[in-house]
Amino acid sequence: MMTHRAISILCVLPDQWRDYYLDTFRESLPHARFFTPDDAPVPEDITYAFVLQPPHGYLARFPNLKAIMPVGAGVEHVLADDALPDVPVIRMIQPDMAQRMSEYIVQHALNHLRRLRQIQAAQARSEWKLFVCPAATEVTVGILGLGRLGMHAAGYLSAVGFRVRGWARTPKPDCDFPAFAGRSELPAFLSECDVLVSLLPFTPDTSGLIDEKFLSLLNPGASIINASRGGIIRDEDLMASLNSGHISEATLDAFAIEPLPASHPYWSHPKVTVTPHCASAALAEAVADRMQVIIETIESGGTPSPVVDRASGY
Ligand code: NDP
């Protein structure tokens, strides 16, 4: 149950998301009052902010903020604000987010394994052709990022039979698959990857991580699945690796600029599958439930988790 005191929540959302979230929030949290910037709320009244790409400096206008809740799992769009109020930034972790992300990862890893793009291209030519594919047990999937999503995906990929390995910032001694940590272990991690999955947050450390040198360390013919953030990949380097054949195909869900501009070469590249940042969307009902837990925890004197570590950027 939401606390009896009226809580005023500011929602800063792009037009296409506003009604989707606000309609559900108003139904699910009837005791709270929701405002958008267009409502010109009294700054002192606002105690919580739910935001996606708020204009930089905007949140500093609200002196009584207790917490900032960014939409989705990525927080880079909020942390980029130099004037961000000094209150906890709380991640909107939802229970089914990892499930849906793992479905996406397994789907596309299997599509790559079973050469679905080539089979569909042959069908478009009415061409009956022999396709021989390795078994999942012969294929190594490397996961960049062993957080909530990476660890969950590792379990699902292993269940299908893939050989799994992972890379994170800090060592994972209890991992039941090979886990590598830090830049010094990156070449060893990459050296055996046939499929590379990115589930890293976008931070100053991971920006542009997947570049020409990085890609050259993957097995020839390796493929890429990026379900995290576009800025992690140097697009021109990936395009060059796809065109040379060193990288066989890529499934990309996130892009440096979203929506992906219609003129972008990824749209029509024969080796690229573009999905519109839908690997694991933040569903309004689940977000409302999470918002309620966060607010109740804070209003009763507790600290919800996870709180974003501003120093590491995630
Ligand atoms: P977590 O914070 O739980 O995990 C992040 C992982 O990345 C950790 O294992 C962390 O290492 C690792 N990491 C961070 N920085 C580095 C670095 N510099 N070098 C090596 N490893 C690093 O995040 P989630 O698993 O919840 O989410 C991951 C990302 O997925 C989100 O940030 C978001 O961008 C993306 N996402 C995309 C969605 C979509 O629909 N496309 C939906 C949801 C999320 P360590 O364990 O050592 O801390």
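View A. As in every view here, the model is predicted.

**View B. Glu258 and Pro259, joined by a cis peptide bond.** Omega is about -5° for the bond between Glu258 and Pro259. Pro259 belongs to the loop between S10 and S11.

**View C. Ala40, a residue with positive phi.** The phi angle of Ala40 is about 45°, although Ala40 is not a glycine. Ala40 lies in the loop that runs between strand S2 (32–35) and strand S3 (48–51).

**View D. The shell around the ligand.** How many residues surround the ligand? The shell holds 28 residues. The closest are Arg91, Arg148, Thr170, Lys172 and Tyr314. By class, the shell divides into 13 nonpolar, 8 polar and 7 charged residues. Helix H3 (95–113), helix H5 (148–160) and strand S6 (163–168) each contribute at least two residues to the shell.

**View E. Side chains facing ligand oxygen atoms.** Thr170 places a polar side-chain atom 2.5 Å from an oxygen atom of the ligand. For Lys172, an N or O atom of the side chain is 2.7 Å from a ligand oxygen atom. Arg229 has a polar side-chain atom 3.2 Å from an oxygen atom of the ligand. The ligand taken alone exposes 940 Å². The protein buries 93% of that area.

**View F. An open sheet of 7 strands.** The strand order is S7-S6-S5-S8-S9-S10-S11, and the pairing is parallel. Which strands form the edges? They are strand S7 (179–181) and strand S11 (272–274), each of which pairs on one side only. Neighbouring strands of the sheet are turned against each other by 15° on average, direction ignored.

View G. Strand S9 (residues 222–226) pairs with strand S10 (residues 247–252) in the parallel sense. Their pairing runs over 5 bridges. Asn226 stands opposite Leu252 in S10. Helix H8 (residues 235–244) packs on the sheet. H8 touches S9, S10 and S11. The direction of H8 makes about 135° with that of S10.

Key: Residues are numbered from 1 along each chain as its sequence is written. This is a predicted model: local features need pLDDT of at least 70, side-chain atom pairs count only at pLDDT 80 or more; totals for chains, interfaces and linings use all residues. Side-chain values use heavy atoms; hydrogens and water are left out. A residue is near a molecule or strand if one of its heavy atoms lies within 4 Å of it. A polar contact is a pair of N or O atoms within 3.5 Å; within protein, one must be able to donate a hydrogen and the other to accept it, and residues adjacent in sequence count only if both atoms are side-chain atoms. Accessible areas come from the Shrake-Rupley method with a 1.4 Å probe; for residues, only the protein chains shown count as cover. Helices (H or I, at least four residues) and strands (E, at least two) are DSSP runs, numbered from the N terminus. Ala, Val, Leu, Ile, Met, Phe, Trp, Tyr, Cys and Pro count as nonpolar, Asp, Glu, Lys and Arg as charged, and the others, Gly among them, as polar. Two strands pair if DSSP finds at least two bridges between them. Axes are lines fitted to C-alpha atoms, for helices over the stretch in contact, and angles run from 0 to 180 degrees between N-to-C directions. Contact means heavy atoms within 4.5 Å.
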